[in-house]
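Morning, everyone. Please have a look at the model on the screen, and then we will walk through it.

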Amino acid sequence: MYRFQKRVTSVSVHALLAVALAGFLTFGAGDFARAQDTTAKETPSGTQPAASTQANPEKQPDGSADSTAAPASPSPEQAGQVEPVDASATAETANDGSAGVQDGPEKPAVSVPVAFDPALVIERARNLAKQPFENPHRELPEALANLSSENYAKIRFKSERAFFSQANSGFALDLYHPGNMYDVPVAINLIREGQVQAVPYSAGLFDFGETGLSGNDFSTQGYAGFRLRYPLGNVAGSDELATFLGASYFRIQGRDQVAGQMARGLTIDLAGPSGEEIPVFREFWIVAPKEGERTITVFALLDSVRVTGAYRFDIRPGDNSKVDVSSTLFFRDRVEKIGLAPLNSMFLYGEQKRRRFEDYRGEVHSSDGLLINNGKGEWLWRPLDNPANLQISSFLDENPRGFGLLQRDRNFDHYQDLDTRFDQQPGYWVTPKGDWGKGHVELVEIPSPSESNDNIVAFWVPQNKPEAGTELTFEYQIAATQDGSDLHKLSQATDTHIMHIPAGGNDEQAATRFILNFAGEELEYYLTDLENLKANISASNAEIRNVRIMKDPENGGVRVMFDLIGTGEAQSSNLRAFLQYDDRVLSETWTMPWVF
């Protein structure tokens, strides 16, 4: 039902960062701007639903915990709250998707339909922002609250009770049961022919398996979230397409992809000195797809202490499944740092660093780099790290064209993990719609001792800080891509290897050697004139020596090597490297911060 086993966090990332030293690095489209060290007072939430960090220290990592308001059905004049009927009164079958009177109480129950208008979700969010915030957490029955993550994962939705008809549209809808850390009741509504039907809680929709639970005492509970299935691999299949579970987390998957990184609806003051505020999707409206449709639409109501929001998700399955996101936010109070289109991932170690880990696997990560296409058209590739101290990097920009966390290494032999299959996990690419103005892409890298923590977060931060009473509308698309090779026509920075060169005789200084691999696109054509192929390398507060370029017959493309030597004037440096032939840029710009 949901892959919890690999992302059950036993140590809160908040606790990890309480003692971490924060290095804040700011970059423009070109040169290094500034660097300073501060103390991390609060840990950003960098985990996915099964293991996300919490604003409330008493709530251990799980994406469902947050500091936001409880779900509620809309009023009759706003998208229609209706009194839920008994679970045995109305239902839809898994085969024809129709609603009608059923004989058995285990059929999926829905309410009497009322009219729906997408504008009412926006109005609902606007009105909610004018009301005092209410904490959404509810005390679960003891049997549910005390479930371990492993036992919670054993509660499974009965696939034969799935909403919608896969025979007609290919889509199927499953629901998630509350329990464990999922203590925020989420309202689920279906939309058919412009009519809304609320889905009341029904224990008969779930198989409680080996948990020892029967569902007899849970009739007052709502749901934790939902999953959409679609035949991605073959026409007769039923694969996970999208999941919305916990806080504002969601994920999408394409063909031959497995669960990996997550997206979020919003971040608020993540890695900020005041501590993170975690919004939650408190209610969903899911449009029943018609026969032949290949897009499914989901509306959502978001709430938190200072922000409410109305969201629309248009989800299209495919080799690289895509979701178009549109959102209107309303601010109860000023927010210092709003994070738009946030992505969450995990990086424990890769080829450049294997420090302090005794593991049979060569690499452990769900993403290995951040790719940015800035407003000037430059493509930046930033390898990820599991730093010794909290690291926050900002890439200054205006009207960004795209950014994403990618899993570029697709070689199973580099991972050797048959359970998690890092080589099959998707990368996420965000394409803004319209002009997003001035701001920066922010990358947060959190020290982590374990792969159970999603310790990587990337998002867009607008330059203008939202004030109380203001509104913000933005749109973007997320694509579940493979390695991002279809995004541009430049060669890629594929690998980063690093080694220490100790000081030698004759006052030879210690250095750090970087070995970079570039491959793909037109690079092979220019290798016939290797002498005139240039590696443009720069570093702030440091010297670059011993630059070499050589063909790489094993991996293709070229290998670039250089030594970095600090000048003693600063503790950190920002590195940049790209390939060019005459004035023609042939590759992405590889960039990395370095602390001496």
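Let's start with holes. The count comes to five cavities of 30 Å³ or more. A cavity here is a set of points, on a 1 Å grid over the protein atoms alone, where a 1.4 Å probe fits but cannot get out. Points are joined across faces, edges and corners, and the volume is the space filled by probe spheres set on them. The largest cavity has a volume of about 80 Å³. Its lining residues, those with an atom within 4 Å of a point, include F347, H365, W381, T494, D495 and T496. Two elements give two or more residues to this lining: β24 (379-383) and β31. Which one gives the most? That is β31, with three residues.

A word on the source. This is a predicted model, where local features need pLDDT of at least 70, side-chain atom pairs count only at pLDDT 80 or more, and totals for chains, interfaces and linings use all residues. Residues are numbered from 1 along each chain as its sequence is written, and side-chain values use heavy atoms, with hydrogens and water left out.

Now follow β31 into its sheet. The sheet is open, with four strands in the order β31-β32-β35-β34 and antiparallel pairing. Strands are DSSP runs of E, at least two residues; helices are runs of H or I, at least four; both are numbered from the N terminus. Two strands pair if DSSP finds at least two bridges between them. The edges are β31 (492-501) and β34 (542-551), each pairing on one side only. On average, neighbouring strands here are turned by 20° against each other, direction ignored. The axes are lines fitted to C-alpha atoms, and angles between N-to-C directions run from 0 to 180 degrees. Look at β34: eight bridges join it to β35 (residues 558-566), and the two run antiparallel. One example is R548, whose bridge partner in β35 is M561.

Next, one residue. S248 sits in the loop between β12 (239-245) and β13 (249-252). Is S248 buried or exposed? Buried, because its relative accessibility is 1%. Buried means under 20% relative accessible area, exposed over 50%, partly exposed in between, with a 1.4 Å probe and protein chains only. Beyond neighbours within four places in sequence, S248 is in contact with residues including R264, F281 and L302. Contact means heavy atoms within 4.5 Å.

Finally, the whole chain. There are six helices and 38 strands. Of the 596 residues, 61% are buried. Among contacts between residues at least 6 apart in sequence, 70% join residues at least 24 apart.

Definitions and conventions
1 Å grid on protein atoms, 1.4 Å probe; cavity = no way out; pocket = protein on both sides within 12 Å on 5 of 7 lines; lining within 4 Å.
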